[in-house]
Amino acid sequence: AFGTPPERTRLSDATLTRLRPTPPLDGAEAEDGRLASEAGAFDVGLCRGDHFSYWRPHIDKVSVPEYEHSALLYLGHHGADFDGGRLTFFDPDADAVVLPEAGLLVSFPSGPPSLHAVERVSRGARFALTMWFTTAPPDPSSPLDSAHAALLEWASRAADAEDPSPAPSP
């Protein structure tokens, strides 16, 4: 992965992301983000107290310094399942636009060369499995919740083909 030996790379974080159209917000609504969250268009920046939104240009590593490689696996089709939601990488010479299609895996460095944004979803719901990878060792002082720990244990067994059982439910 980007010149890093695979045996040194581990999953840092992953999430199933659903992006839906956000209602227009004004004043106090924009400040607390309740309407956007209730509409299924959760804005993580409002919860963190910063101004991050997926549609604003950003670099993943700025939000989480541990992130070294970012990846998205699209689960729906642009145009059929949703409108908007295109991934744009900004470059001084020419921007690159990724049209989401189910099964497409996009991977890129999490740092400065990868300034990107996702176009606001205007119709439907855009689903993607979003993952971030690192070579940093896990932080033993950062406890996992029990559901996350069970899922990681299951994934490790499944990857080693020791246990073909279904994933635990949350």
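Look for R120 first: in this predicted model, R120 lies over the face of W55, 3.7 Å from the ring centre. So here a charged side chain and an aromatic ring count as a pair, because CZ of an Arg within 6 Å of the ring centre, and within 35 degrees of the ring normal, meets the cut-off.

How many aromatic pairs does the structure hold? There are 2. One of them joins Y67 and W132, which are stacked, with 4.9 Å from centre to centre and 10° between the planes. Y67 sits in the loop between helix 4 (60–63) and strand 2 (69–74), while W132 belongs to strand 9 (residues 126–134), so this pair ties together parts that are 65 residues apart in sequence. Both Y67 and W132 are buried.

The pair of F89 and F108 is edge-to-face: the centres are 4.8 Å apart and the planes make an angle of 75°. F89 is in strand 4 (residues 87–89) and F108 is in strand 6 (residues 105–109), so the parts they tie together are 19 residues apart in sequence. F89 is buried because its relative accessible area is 15%, under the 20% cut-off. F108 is buried too, with a value of 5%.

Let's step back to the whole protein. It has 5 helices and 9 strands, and along the sequence they follow the pattern β-α-α-α-α-β-β-β-β-β-β-β-β-α. Of its 170 residues, 28% count as buried. The protein exposes about 10300 Å², and carbon and sulfur atoms supply 60% of that area. Finally, among contacts between residues at least 6 apart in sequence, 73% join residues at least 24 apart.

Key. Residues are numbered from 1 along each chain as its sequence is written. This is a predicted model: local features need pLDDT of at least 70, side-chain atom pairs count only at pLDDT 80 or more; totals for chains, interfaces and linings use all residues. Side-chain values use heavy atoms; hydrogens and water are left out. Helices (H or I, at least four residues) and strands (E, at least two) are DSSP runs, numbered from the N terminus. Buried means under 20% relative accessible area, exposed over 50%, partly exposed in between (1.4 Å probe, protein chains only). Contact means heavy atoms within 4.5 Å. Accessible areas come from the Shrake-Rupley method with a 1.4 Å probe; for residues, only the protein chains shown count as cover. Rings of Phe, Tyr and Trp (its six-membered ring) pair if their centres lie within 6.5 Å; planes under 30 degrees apart count as stacked, over 60 as edge-to-face and the rest as tilted.
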